[in-house]
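Reader: I'd like to learn how to read ring pairs and charged side chains in a model. Can you walk me through it?

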Amino acid sequence: MVRPLLFSLFLLLLGSTSNGSTPTPYRDDDASSNSNEMSALRHPKADARSLSSSTPIKTSSVNHAVAVGGIGANWGSQSTHRLPPEIVVRMLRENGIQKVKLFDADYDTLKALGKSGIQVMVGIPNDMLSTFASSSKAADKWVSQNVSHHLTTNNVLIRYVAVGNEPFLATYNGTFLRTTYPALKNIQDALTKAGLRNQVKVTVPLNADVYESASTLPSGGDFRADIHDYMIPIVKLLSDNEAPFTINIYPFISLYIDPNFPVEYAFFDGGATPLNDGGTSYYNMFDANHDTLVWALQKNGFANLPIVIGEIGWPTDGDRNANVDYAQRFNQGVMARITAGRGTPMRPGPIDAYLFSLIDEDDKSIQPGNFERHWGVFRFDGQPKYSLNLGGPTGALVPAKNVSYLEKKWCIMKPNARVDDTQLAASVSYACGRGDCTCLGYGTSCGGLDARGNISYAFNSYYQKNNQLDEACKFDGLGTITRADPTVGSCVFEIAIKPYYGGALRVSISGLKTLVLGLCMFLLTGL
């Protein structure tokens, strides 16, 4: 009697594993977990450094079939408390966002995008480039599991594969120079073998520091001399496969790194003195930076290559120039351009762009600056930070719905604790190192807090990140839990959302099935 029951259970589990389980994406989980430390330093060069110049070719009449209008958004996942993908997808749709750019191939995220009508650019992290550069079989498997499967089974509108993320960034010191093109080629070959060459296009999102101009004018644009020979094969492959050149442009960074940069030149509606380039006037940095790339492509024989703006946006905190007013002004300027279908002097047609970013990510590296965790148009919980018309039906941002929060309680410094307590410095350092104190400091949203307020903010950040565990508010007896909101003005003491375990739960169930299958096999062979 026992043996037939075990055999039936074995068949049931085997069937559910082979037919009902979800395929695991081909990726190095350890490498992916370290991607925080390899976060791109978005520092495009506002000046250009090439000496050559030639007659401009305006490409308004060129058919850039790959580049489509409508707004897109970057959806990152470097957060300690992620919103469930289904909630984010609903938010995307209700805000009229037609395209989304991902930085990996997370299964649950892609599945949630199925049947949504949202076009997807799926990403391959930099730490996977060497694998695909050296193995065409690995590239074939990745495309099969992360592109073909989602297209056919989950009805995901995957339109691009982003191979790497700003791999030629100067601060990487050449780490990915020799692996980017081979990886790109193998992924392209894998797409071709899968019959997807015309449906899914490869691209390499690059930082604006891959080109320069010695004359400081767009017409002097060319690819950086030290990477020129690496760029040309990539651009040729993109051109041969009718794929776009994807570039990330950040006027904010120019303002951040150069105190003398004219503030108004960063905005589309600014009143800055225009830059004159042979009779062409540039009234803002975006146009000048973009057309420096156009000149670089033209000089190297690729005047008609489509351009996609992979990342463009403005942060709201972490620096004196990162604030809600500037972010609203800049991003609304981007939207005005997209809505009007107006490009740049060299490319007057519609802009294909992805806002950076959709949601704040509190687990990103802050090596580039504290602002890195505050690029979102929406807060970590999907609530809008400011008014912005994305072209949706209401003309206003629609917040995420059905968000589940932790309890309304906070961790603060004990009222009777002294600010000169010898244990405080170590406790605050520990809390900030493992929490998020990027809203503290000059010109930030919490810059006006006193010493006790700063300490409480640090304590609460760590407490919320650790799901409000009582142990996370000890701090050598200096912390205490309160149910009175300590928010002061614009300085919000956050309450974390409930953690999302979708992917982990799926893996756990799969592991449990494997364990039970093994047990059944053992018992069957022993009976």
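Predicted model: local features only at pLDDT ≥ 70, side-chain atom pairs only at ≥ 80, totals over all residues.

Reader: Which parts of the chain does the pair link?

Author: Distant ones: Phe-252 is in helix H9 (residues 251–257), while Phe-371 is in the loop between E13 and strand E14 (410–413), 119 residues apart. Phe-252 is buried, at a relative accessible area of 0%, and Phe-371 is buried with 0% as well.

Reader: What about Phe-356 and Trp-375?

Author: With centres 5.7 Å apart and planes at 70°, Phe-356 and Trp-375 are edge-to-face too. Both lie in the loop between E13 and E14, so the pair ties together parts 19 residues apart in sequence. Phe-356 is buried at 2% relative accessibility, and Trp-375 is buried at 1%.

Reader: Now the charges. Is Arg-347 buried or exposed?

Author: Arg-347 is buried, yet has no salt bridge. A salt bridge needs the two charged groups within 4 Å, and the nearest side chain of opposite charge, Asp-291, is 7.0 Å away.

Reader: What does the side chain of Arg-347 reach, then?

Author: It reaches the backbone oxygen of Ala-303 at 2.9 Å. The backbone oxygen of Leu-305 also lies 2.9 Å from a polar atom of the Arg-347 side chain.

Terms used. Residues numbered from 1 in each chain as written. Heavy atoms only, no water. Buried < 20%, exposed > 50% of the residue type's maximum accessible area, 1.4 Å probe, protein only. Lys, Arg positive; Asp, Glu negative; His and termini not counted. Polar contact = N/O pair within 3.5 Å; in protein donor to acceptor, adjacent residues only side chain to side chain. Helix = DSSP H or I, 4+ residues; strand = E, 2+ residues; numbered from the N terminus. Phe/Tyr/Trp six-rings, centres within 6.5 Å; stacked < 30°, edge-to-face > 60°.
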